[in-house]
Number of protein chains: 2
Amino acid sequence: MVLPDTAVERILDRHPVACLATLNPDGRPHVVPIVFARVGAMIWSAVDGKSKSSGTLARVRNIRRDPRVSLLLEHYEPDWTRLWWLRVDGEAEIRERSDAEAAAALTALSRKYPQYAEVAVLAPHGSILCIQPHDSRSWCASAAAIEALGAGAHG
Amino acid sequence: MVLPDTAVERILDRHPVACLATLNPDGRPHVVPIVFARVGAMIWSAVDGKSKSSGTLARVRNIRRDPRVSLLLEHYEPDWTRLWWLRVDGEAEIRERSDAEAAAALTALSRKYPQYAEVAVLAPHGSILCIQPHDSRSWCASAAAIEALGAGAHG
């Protein structure tokens, strides 16, 4: 069964990690985990910080060449009646943090992840990854999975 | 820092879930979560069962057209010093379960996941997805992440 809209919204706002697939220069898929925040319809992820020592991150180079991405949010636990996943397909771009939308995204990221106070990758200069979703697909194993998300009919 | 070989082996044997990226007909990346088992150098995942109601799974169609896949195993927790990920890039194929290698993989899957006893997708007929890795890459946030895996120098 698919996730109801209330559960999708809740997952996009609260789930802490996602797998971001981009396309390598040779067309191979490339997957990395990201932390992210949703602002309206857009999904944002910081890309600076640790990249300085090793040059530009592969995800950034890939997106600049081909913006097509697929983002997977999933929940695993030993009780397989509670499994769910949500996939968001879209186009990504690398934006400057100086514009107003990106500034709002940095605020959303620092609110969602208090950890950013310690790792200092949310400086107001530099770049940020922005995903514009154009399609999404979801699956959950049972109504129990939806209830566990706190997003049931009476959630 | 990268994960030591002992940690990589342990993760491939014990981590329960991975994100599998394949390529759609138009070249877009497509990501789904999978459960899997390692047998020697190969990674196996069951693909039958629930697919009957909705036709062939997209991952199966994609792999038959283009075998290039990327598999991500990752660990998230609020303590960001414990984060790690492992990516395995390789070629996948859809095999019949009747051959000896595939039969060993079914045994490994049912040993790793007692849940399969309830969901009956491990019948000896049908297909199974097999990944031949050709490259892997890993990252972990700190030595504490490796220790938490129980795969440190004295683990």
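In this predicted model, A:Trp44 stands opposite A:Cys130 in S7(A). Strand S4 (residues 42-46) and strand S7 (residues 127-140) of chain A run antiparallel and are joined by 4 bridges. A:Trp44 also belongs to the largest nonpolar core, where it is listed among the residues with the most contacts.

Stay on S4 for a moment. A:Ser45 is found in this strand of chain A. Is A:Ser45 buried or exposed? A:Ser45 counts as buried, because 20 C-beta neighbours fall inside 10 Å, and 20 is the number at which a residue is called buried. Leaving out residues up to four places away in sequence, A:Ser45 touches A:Ile34, A:Val35, A:Phe36 and A:Leu129. A:Arg111 is 66 residues from A:Ser45 in sequence, yet the two C-alpha atoms are 13 Å apart in space.

Now move across S7(A) to its other partner. S6(A) and S7(A) run antiparallel and are joined by 13 bridges. A:Ala92 stands opposite A:Ile131 in S7(A). A:Arg95 has A:Ile128 as its bridge partner in S7(A).

In chain A, 7 strands form an open sheet in the order S2-S1-S5-S6-S7-S4-S3, with antiparallel pairing. S2 and strand S3 (37-39) of chain A stand at the edges with a single partner strand each, so one side of each has no neighbour in the sheet. Neighbouring strands of this sheet are turned by 35° against each other on average, direction ignored. A helix covers part of this arrangement. Helix H3 (residues 100-112) of chain A lies across S3, S4, S6 and S7 of chain A and runs at about 135° to S3(A).

Turn to chain B. Its open sheet has 7 strands in the order S2-S1-S5-S6-S7-S4-S3, again with antiparallel pairing. Strand S2 (29-34) and strand S3 (37-39) of chain B are the edge strands, and each pairs on one side only. The twist averages 35° from one strand to the next. Helix H3 (residues 100-112) of chain B lies across S3, strand S4 (42-46), strand S6 (84-96) and strand S7 (127-140) of chain B, at about 135° to S3(B).

How many of the residues of S1(B) are buried? The count is 6 of 6, and the strand is mostly covered. B:Ala18, B:Leu20 and B:Thr22 point one way from S1(B), while B:Cys19, B:Ala21 and B:Leu23 point the other way.

S1(B) has a partner on either side in the strand order. With S2(B), strand S1 (residues 18-23) of chain B pairs in the antiparallel sense over 6 bridges. B:Ala21 stands opposite B:Val31 in S2(B), and B:Thr22 has B:His30 as its bridge partner there. The hairpin of S1(B) and S2(B) has 5 residues between the strands, and B:Gly27 takes a positive phi near 90° in it. With strand S5 (residues 68-75) of chain B, S1(B) pairs in the antiparallel sense over 3 bridges. Here B:Ala21 has B:Ser70 as its bridge partner in S5(B).

The largest nonpolar core has 76 residues, and A:Cys19, A:Val31, A:Trp44, B:Cys19, B:Val31 and B:Trp44 have the most contacts inside it. In soluble globular proteins, nonpolar side chains tend to be buried together.

What does the contact between the chains consist of? It takes 24 residues from chain A and 25 residues from chain B. On the side of chain A that touches chain B, strands S1 (18-23), S2 (29-34), S5 (68-75) and S6 (84-96) give two or more residues each. S5(A) gives the most, with 5 residues. By class, this side of chain A has 14 nonpolar, 5 polar and 5 charged residues.

A rotation of 180° with 0.0 Å of shift along its axis superposes chain A on chain B, at an RMSD of 0.0 Å. The two copies are therefore related as by a two-fold rotation axis. Of the residues of chain A, A:Pro29 comes closest to the rotation axis, with its C-alpha at 3.0 Å. The copies meet through the same surface, because 100% of the interface residues of chain A are also interface residues in chain B.

Definitions and conventions:
Residues numbered from 1 in each chain as written. Chains lettered and ligands numbered in written order. Predicted model: local features only at pLDDT ≥ 70, side-chain atom pairs only at ≥ 80, totals over all residues. Contact = placed C-beta atoms within 7 Å. Nonpolar A, V, L, I, M, F, W, Y, C, P; charged D, E, K, R; others polar. Core = buried A, V, L, I, M, F, W, Y, C linked by C-beta atoms within 7 Å. Buried ≥ 20, exposed ≤ 12 C-beta atoms within 10 Å, placed from the backbone. Least-squares fit on C-alpha atoms with pLDDT ≥ 70 in both. Pairing = 2+ DSSP bridges. Axes fitted to C-alpha atoms, helices over the stretch in contact; angles between N-to-C directions.
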